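Please read these notes alongside the coordinates.

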Number of protein chains: 2
Amino acid sequence: MGKHPAADASQQTALGSDELQLIDAWWRACNYLSVGMIYLLDNPLLREPLKVEHVKYRLLGHWGASPALSFVWAHLNRVIKRDDLDVVFMAGPGHGAPGVLGPTYLEGTYSEIYPDKSADAEGMQKFFKQFSFPGHIGSHVTPETPGSIHEGGELGYSLSHAYGAVLDNPDLIVACVVGDGEAETGPLATAWHSNKFINPARDGTVLPILNLNGYKIANPTILSRISSRELEALFVGYGYTPHFVEGSDHAEMHRKMAHTLDTVLGEIRAIHRQARANGNLERPLWPMIVLRTPKGWSGPKQINGHKVEGSWRSHQVPFSDVRNNSANLEVLEEWMRSYRPAELFDAEGRLIPELKALSPQGPRRMSANPHANGGVLRRELKLPDIRAYAVDVLHAGKVLQENTRPLGEFLRDTMRANMNTFRVFGPDETASNRLQSIYEVSKKVWMAEMLPEDEDGGELARDGRVMEMLSEHTLMGWLEGYLLTGRHGFFHTYEAFAHVVDSMFNQHAKWLDISRNHVPWRAWVSAENILLSSTVWRQDHNGFSHQDPGFIDLVTNKSPSVTRVYLPPDANTLLVVADHCLRTTDCINVIVADKQKHLQFTTIDEAVVHCAKGIGVWRRASNDEDAEPDVVMASCGDVATQEALAATAILRERLPELKLRFVNVVDLFRMQPASEHPHGSTEREFDSLFTTNKPVIFNFHGYPWLIHKLAYRFRNHENLHVRGYKEKGNINTPLELAILNQVDRFNLVIDVLDRVPRLQGRSAHLREDMRNAIVSNLNYAHTHGTDRAEIVDWVWPF
Amino acid sequence: MGKHPAADASQQTALGSDELQLIDAWWRACNYLSVGMIYLLDNPLLREPLKVEHVKYRLLGHWGASPALSFVWAHLNRVIKRDDLDVVFMAGPGHGAPGVLGPTYLEGTYSEIYPDKSADAEGMQKFFKQFSFPGHIGSHVTPETPGSIHEGGELGYSLSHAYGAVLDNPDLIVACVVGDGEAETGPLATAWHSNKFINPARDGTVLPILNLNGYKIANPTILSRISSRELEALFVGYGYTPHFVEGSDHAEMHRKMAHTLDTVLGEIRAIHRQARANGNLERPLWPMIVLRTPKGWSGPKQINGHKVEGSWRSHQVPFSDVRNNSANLEVLEEWMRSYRPAELFDAEGRLIPELKALSPQGPRRMSANPHANGGVLRRELKLPDIRAYAVDVLHAGKVLQENTRPLGEFLRDTMRANMNTFRVFGPDETASNRLQSIYEVSKKVWMAEMLPEDEDGGELARDGRVMEMLSEHTLMGWLEGYLLTGRHGFFHTYEAFAHVVDSMFNQHAKWLDISRNHVPWRAWVSAENILLSSTVWRQDHNGFSHQDPGFIDLVTNKSPSVTRVYLPPDANTLLVVADHCLRTTDCINVIVADKQKHLQFTTIDEAVVHCAKGIGVWRRASNDEDAEPDVVMASCGDVATQEALAATAILRERLPELKLRFVNVVDLFRMQPASEHPHGSTEREFDSLFTTNKPVIFNFHGYPWLIHKLAYRFRNHENLHVRGYKEKGNINTPLELAILNQVDRFNLVIDVLDRVPRLQGRSAHLREDMRNAIVSNLNYAHTHGTDRAEIVDWVWPF
């Protein structure tokens, strides 16, 4: 909240009529710009009568949501200036980019960043033309938009982004306009509950402004068509104090909005006083605003006898046939002149000084708020030395350890060293994923009711910093909001249910791709780090519905400049990978590592060297002594590596003359050519590991065809035989599940016997033994419900 | 609702204390079975003192949610029997399978379907052992569970499944227990609004029962920790009349639950009377129940001084160390004996007759309700002849048509012929996707407020049958509920945002895979038909955020027995494909077809022949006359086909001596080997189309590497050069976007020049012309904002 003593004094100020008229004029300027963006190629100030050649050939854009966005912006400016507030604007209806772009242009920010879109007639013409124009900016609030961290192309995430942005930003307000279309999505519907995780002493304020403009593309919205009793109850139920601003008369709505904003800011101040001065950390009832305005507000009332303002017909371009229909050309000109541009812009096309004076200055402009270009605020994490958490691996393949537990200790101390800039997010699974050491430093934040029994292991606290809610959508949204405002985070989830946020991953990857490669003024933000645990191979408890390693398939579809995938085989490699990921920027790191006890293979020194390469030969498991092997056994993933090593042990014991090379892959993109991904391998690197003509048995954590998708260009691809998960599963013991999908040691040995030419038709004994082992292990599992305990001893005798 | 006249007379019956004691005994039997399933290998009736060898080696399962599920079941049985109700039970907390399996066993259904799990001690022992045991059934309500259409492994979809099930089933009640964990997910949070789409005259009733047991895996739940004022307001806001049943005392809770169920049924009857007798179709306030019970209710109160009943410690197995800890063994025995099994089961292990008599009979048992094995109720769709909707293609490549518009007419008449068994689902995009002809037969159902302006093109009606809400999750859930209860449906969505329901697709595919291949008693249900429109190549309006063709990548990871993907190149092939899909069962059909105007290539007769093959040579575009061509030009997808044909036209004009074969793929899985997918191609088929050694330029709709993932095993794979979407996009004209991703005609010609050995180093003129064409077309787009109109004339001169 505002730091000036004047702030409180100005509380409840009514809006004078002069001020009202100025705000209305500023809003008219915004609306004028919105229409201009959608329609005009030239004649931006309408200095001459509008002609066909001034109109774009194709009319693209979303008018409907735009006026209300600018309306909110205009009113926020008043209180920002008056109270010196620090406010970020979030446009949930991000399709309505004109309603955001207009204000950024009027505030001067747009011209500062894009000097050719100068604050004059020439710049305005370019500003109009570029909108939704090939080779220029899109029709949403894309990353090119200053002041924005939210695209709004895919709906549903504005509110969780807003809440993520205010965590640990006590003086920040995010004014989040939520569209009533967006409000129907699941992710948005549950994000209202984010208020149960906001500590009013430590975190900032989200001011949700639900804009009920009544319509989606072609339908009314649910929330605009329920009774006012239900509407109010819904937001009371979500834990808010709703305030209603409803109408269409411009002057009246200006008065209502100004008054309501004053009221709401007063409530926020009172909440902050309670928490910050009085130390009352009970969950407050945060205010929110319901702003009911006509869709396409201030636009044409009717076209051809059909209602347009206040109707779904305003959603995109209210009328398109302009170049061939002189009546419509007249309607357009009349519409634009209704905003009285000559009163708003001077002869050079500059906003008149009285209106210019309405904007806040410098970084107080919402279009220039540094939080919305978070990279400029970002500071490197202070990271502890991973060696302090390393598992002591005196004998590789003998120590059992939950792979994620040391990571939890590392994250604990990372949090300790970065208490206001680092958070961990997970859907009710931090302990399940064995990361609970974090709680030693910070518990789970919980602003809902506390019970005495929570004292006994509940790990809840008002000032906790671990975020847990059973909504992957909300968590991911919080994380994105936190990262894009310049902080650091770590998200972990069950592997199968990462698919719940597939689409959020896609959108964040697209945002980063554009920001990193096409928007030079956006400073680097911290990587989004995603740990997938409770993986496909350890679903003894939950079975088939929890078996899906396909999230990483999705990752490989997005821009190589922003995607990274790591599958560390054990606890120490996981530490090295996590340490690396926490230092990276402008990308998404996906780490796949199971939480259960696994054999440990690498010392921390070995892990550092191996992870630096991302792929490499494990010499102790190999016996090819740098000569050409008979076969390459390769692995990627923890369970896959264990089984491949066990198969290698069997082969080396039973067929000591077989020359075998063992390759492990940590960095999945090393399997792609260097031409396709920055982490890719050159042909020479690949051939030197996998040979150019020897069989390669590749044991993979995920769906086997993903490896072919990555590696198909390499020379030895035709000899690459990949094993992985093939949707064969139910309630299974670990070994049984491996056998069903043929990633187990016994099947891998048979694969080698099948593929190495000089073994074909020989080694009948070994083959028979493997078949017997499969049968007897399955029988044991089906009788006892468990695997034979001793099978882990087979793994690494080297 | 009940059909017997007795039904109304019994309204508001209080529960006599004898009846209460019987219901309590039946519930105790359920709880006894739940604990037995989780812990016991033998000694099911505790006829002898419990010993270590009677206990399972691994204890797996979820106790916490189970008792409340059985509690609800027991009470529903009372009113089902009394009023002859038709009720399906839906277990949102589907992890708590013991709480559902117990009732199905007590009702006899389980033993009827699985005779070795007989209703005696021997059967009970097997029933206990199989639970969460390798090779047997899972710990969730898996497809093997009679009476269920909802797995509950992934949380969030119970309520939308329930609402889908009651559509067009006026006499059906779905009692949907929603877990308070699940209630935090986005999909569940918005599914409450489904009541705005239920017509009380035509549709059945969902009775939501929110079970506030207070805890998730390791955290309290949000809804259990807000004030009762907020909780009540929330459900009033969602449009329900909430009824509260709260407590832990067994006798008192039985009384409250019985009374509340009577009240609630009375309200439902009143709603039905209003709608069905009085014709009042205003949206009613449906009742719902908030059932607040301790987690792990009736289980151990404390273990080792820690609270267990009413705590997250009850979530899974309340205490595990039984085989090595005799104190815990005693606790277990004491716990099980607390249910007094000897009073519940006779000496043979059969439920005593007084308790057996509590269950309804035959198909009135919720465990045997035919709606939950919907295939037995399913009737084939009556489908109109697609020829009536065919586009007249006198000259291939000359007619322009929106590909999806004829499909809309076909769906319209399909709906007309199947008014109670077919629905179309789409997120506010039916008209946007050009399927609006459907509205001629049935409008969009809308039970929220209607306004006069809706008359003008709103296409809304109380009795509409088209389902539109801006929540892909809710729509997909409705569709799944509708299909699994034996009906037919068609879902369409924007291609990029199909990813929103990736995880729902995964789960439904897994459900179908198990049902089809492992559960012989489940009758076939209609396919889930998904049309992806507004595709990647036509995002002129929305740009980069709307460009993602990766949903089909996801599809190819799931079991080949249930996955199908079609990319019809034009309107007639789309009709043929849709007609086929609507006839299929137990699978998911994904159809990719754009909504914009495209050139038409096939007559309906050609389309029928081509789609039957799924892949084939287009002879008019080819000039290899069945000899070996110099190059194969292949395409898959509408825009990809247009550009590949245009490239072919250029090549044939400029290089008439070049022998070129044109192959089109409709059925994507034809690109996989027959060994991998039932629609796959044999080696011979593949080689005969693609040759064994000639270059193949494959122009693909989606991400190019998907084709490599499918086809890597084929002989000519190394000569396969695939073009597709590579995440290069923004606001682009169609041709500009094609050029950026190199799927355009000009780049394809250059590809041919690069790949055909005898053209290499020659044809410099043609190459130069192509480069110039690229530059001039990009310049045109950037100047005018549109493509040159005439480029479509280049396409099909053959």
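1. Basis. This is a predicted model, in which local features need pLDDT of at least 70 and side-chain atom pairs count only at pLDDT 80 or more, while totals for chains, interfaces and linings use all residues. Residues are numbered from 1 along each chain as its sequence is written, and chains are lettered from A, ligands numbered from 1, in the order in which they are written.

2. Chain A overall. Chain A has 25 helices and 22 strands (DSSP runs numbered from the N terminus: H or I of at least four residues for helices, E of at least two for strands). Its radius of gyration is 30 Å, close to the 28 Å of the globule rule for 798 residues, so chain A is as compact as a globular protein of that length (taken over C-alpha atoms; the rule is 2.2 Å times the number of residues to the power 0.38). The C-alpha trace of chain A spans about 95 × 65 × 45 Å along its principal axes.

3. Helix α19(A). This helix covers residues 604-613, and A:Ile604, A:Ala607, A:His610 and A:Cys611 are buried (20 or more other C-beta atoms within 10 Å of the residue's own; exposed means 12 or fewer, partly exposed in between, with C-beta atoms placed from the backbone). Viewed down the axis, the buried residues of α19(A) fall within an arc of 120°, so they line one face (the arc is of directions from the helix axis to the C-beta atoms). A:Asp605 and A:Ala612 are exposed on the face turned away from the buried side. The cover over the buried residues includes α18 (571-581) and β18 (615-617) of chain A.

4. Helix pair. In chain A, α2 (17-39) and α3 (66-83) pack at about 145° with axes 9 Å apart (axes are lines fitted to C-alpha atoms over the stretch in contact; angles run from 0 to 180 degrees between N-to-C directions). The residues making this contact include A:Trp26 and A:Trp27 of α2(A) and A:Phe71 and A:Arg78 of α3(A) (contact: C-beta atoms, placed from the backbone, within 7 Å).

5. Chain contact. Chain B gives 96 residues and chain A 97. On the side of chain B that touches chain A, α16(B) gives the most, with seven residues.

Conventions. Two residues are in contact if their C-beta atoms, placed from the backbone, lie within 7 Å.
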